[in-house]
Amino acid sequence: MKRRDLMRGFIALGGCAVCAGVAKASEGVHWEYNGEHGPDHWGKMDKAYEVCSMGGQQSPINITSAIKAEVAPMSISWKKSAAKIVNNGHTIQINMPEGSSITRDGKVYDLLQFHFHAPSEHLVDGKAYPMEVHFVHKNKKDGDLAVLGVFIAPDKKNDTMAMLAKNFPKAAGAEATLEAFTPRDLLPAGLEYWTYEGSLTTPPCSEVVTWMVARKPIKVAKASIDAFTAIYANNARPVTPLNRRLVLMSK
Ligand SMILES: [Zn+2]
């Protein structure tokens with residue numbers, strides 16, 4: 001075996017060993033962002049993941065045009081709270097305690113968790129931002145999800161992002177406890193957004209998500225972005241076809 005192939009073998013083994021531990025902790029068939037278990041193959045890996053390839057309302061998408069409409073404003077009621085930060089083998093995720101929610105069209109969605117992708121999963125006119133954060137909300141009654149995506153661009157320091165970056169658990173399966181922080185610090189000043197009906201961007205890719213993507217990015221120190229990409233350099237699903245869906249934009 002050539003040295004290069006041998007190295008590749010080691011890397012593959014290492015990758016699987018790490019993920020096997022995580023797979024036990026969560027559920028479902030092992031998936032990744034590259035290679036044999038990458039996004040092109042998710043739909044074939046497990047019956048439960050079929051919609052990843054068969055679905056017509058998948059996420060993310062490339063946002064190229066949008067219809068100006070009277071979209072419902074979102075009222076955000078997130079509380080300052082302590083939380084657990086977890087490296088789940090696919091991303092860094094902050095699991096929020098009960099008490100934070102958003103209301104849209106009279107419907108309340110509880111904030112369950114937020115997590116990061118690099119580069120951004122949604123594109124704007126074909127362009128990606130260095131990162132995107134997803135705030136995942138769920139309605140208690142019907143289980144509908146409302147995910148708010150916010151792009152992240154490098155600029156001046158954002159103290160909350162810097163605090164999170166300092167606490168990013170480096171190893172898959174590792175976690176830490178965060179002292180109370182204000183998740184609202186991770187929102188842009190204006191909350192104009194695009195909205196469309198889509199899916200989870202990871203298996204099982206369920207088409208149960210109302211997406212809201214903030215039009216303005218937040219700015220954080222480049223060091224905070226580097227801290228994430230040192231752990232997850234690429235955990236973004238490629239964009240999926242818009243098909244017959246419309247993207248609406250708040251006026
Ligand atoms: Zn996500």
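**Exercise 1.** In this predicted model, determine which residues Phe-116 is in contact with, leaving aside its neighbours within four places in sequence.

*Solution.* Step 1: apply the contact criterion, heavy atoms within 4.5 Å. Step 2: list the partners of Phe-116, which are Thr-91, Ile-92, Ile-94, Met-131, Glu-132, Val-133, Ile-152, Met-161, Leu-164, Phe-168, Phe-228 and Asn-235. In soluble globular proteins, nonpolar side chains tend to be buried together.

**Exercise 2.** Identify the atoms that coordinate the zinc ion, and state whether His-115 is buried or exposed.

*Solution.* Step 1: the donor atoms are NE2 of His-115, NE2 of His-117 and ND1 of His-134, at 2.0 to 2.1 Å from the zinc ion. Step 2: along the sequence, these donor residues follow the spacing H-x1-H-x16-H. Step 3: His-115 belongs to strand 7 (residues 107–117) and His-134 to strand 9 (residues 131–138); the two are 19 residues apart, and the pair links distant parts of the chain. Step 4: the threshold for burial is a relative accessible area under 20%. His-115 counts as buried because its relative accessibility is 11%. His-134, with a relative accessible area of 1%, is buried as well.

**Exercise 3.** Describe the disulfide that joins Cys-52 to Cys-205.

*Solution.* Step 1: the structure contains one disulfide. Its S to S distance, between Cys-52 and Cys-205, is 2.1 Å. Step 2: the link of Cys-52 and Cys-205 is right-handed, with 90° about the S-S bond. Step 4: both Cys-52 and Cys-205 are buried.

**Exercise 4.** Locate Lys-79 and characterise its surroundings.

*Solution.* Step 1: Lys-79 is found in the loop between strand 3 (74–77) and strand 4 (81–87). Step 2: Lys-79 counts as partly exposed because its relative accessibility is 48%. Step 3: not counting residues up to four places away in sequence, Lys-79 touches Met-96, Gly-99, Ser-100, Phe-181 and Pro-183. Step 4: a polar atom of the Lys-79 side chain lies 3.1 Å from the backbone oxygen of Gly-99. Step 5: the C-alpha atoms of Lys-79 and Leu-111 are separated by 9.9 Å, the residues being 32 apart along the chain.

Technical notes
Residues are numbered from 1 along each chain as its sequence is written. This is a predicted model: local features need pLDDT of at least 70, side-chain atom pairs count only at pLDDT 80 or more; totals for chains, interfaces and linings use all residues. Side-chain values use heavy atoms; hydrogens and water are left out. Donors are N, O and S atoms within 2.8 Å of the metal (3.2 Å for Na, K and Ca); water is not among the atoms, so sites may look incomplete. Helices (H or I, at least four residues) and strands (E, at least two) are DSSP runs, numbered from the N terminus. Buried means under 20% relative accessible area, exposed over 50%, partly exposed in between (1.4 Å probe, protein chains only). A disulfide is a pair of cysteine sulfur atoms within 2.5 Å. A polar contact is a pair of N or O atoms within 3.5 Å; within protein, one must be able to donate a hydrogen and the other to accept it, and residues adjacent in sequence count only if both atoms are side-chain atoms.
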